[in-house]
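This briefing concerns the fold, the sheet and the surface of one protein model. Please consult the sequence and the structure shown here before reading on.

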Amino acid sequence: MCDAPATTVPSRLQQWPVQIKLVPVNAPYFDGAHLLIAADCTAYAYGNFHNDFMRDRMTLIGCPKLDEGDYAEKLTAIIANNNIQSVTVARMEVPCCGGIENAVRRALQASGKFIPWRIVTVSTDGRVSG
């Protein structure tokens, strides 16, 4: 049984859907957007994920180990066809999360754009680096 939180934390989600596989490539919310591309587990491992990462960003999520295929082609289309301002990648420290990081790297290169980006790594006990 969990203790009730002292305060309610509002959701910072700004669009739907959030799954990389489901999001449309040319959605209007991508115009001028700051993207957060996050591995599914990151929001569960890091308790303040909404406030620290999702605020003011369009959020895309996926699991490179469980989802079929590669995200690079879809992410390339999103970045190339929209006015993306920056990209933040949130991944877990586990090896399988390297797939999401690699897909974003390839997508940024293939888009032909120079966009500021960074990688944040979340440990399995909720510590953040990067």
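Lys and Arg count as positive and Asp and Glu as negative, whereas His and the chain ends are not counted; a charge is placed at NZ of Lys, CZ of Arg, CG of Asp or CD of Glu. The protein has 12 positive and 12 negative side chains, with the centres of the two sets 4 Å apart.

The model is predicted: local features need pLDDT of at least 70, side-chain atom pairs count only at pLDDT 80 or more, and totals for chains, interfaces and linings use all residues. Residues are numbered from 1 along each chain as its sequence is written, and side-chain values use heavy atoms, leaving out hydrogens and water.

**Fold**
- Four helices and five strands form the secondary structure of the protein (DSSP runs: helices H or I of at least four residues, strands E of at least two, numbered from the N terminus).
- From the N terminus on, the order of elements is β-α-α-β-α-β-α-β-β.

**Sheet**
- The five strands make an open sheet in the order E2-E1-E3-E4-E5, with mixed pairing (two strands pair if DSSP finds at least two bridges between them).
- Strand E2 (58-62) and strand E5 (128-129) are at the edges with a single partner strand each, so one side of each lacks a neighbour in the sheet.
- Five bridges join strand E1 (residues 34-39) to strand E3 (residues 86-92) in the parallel sense.
- Ala38 has Ala90 in E3 as its bridge partner.

**Extent and burial**
- The C-alpha trace spans about 50 × 30 × 25 Å along its principal axes.
- Of the 130 residues, 41% are buried (under 20% relative accessible area, 1.4 Å probe, protein chains only).

Note on methods
Buried means under 20% relative accessible area, exposed over 50%, partly exposed in between (1.4 Å probe, protein chains only).
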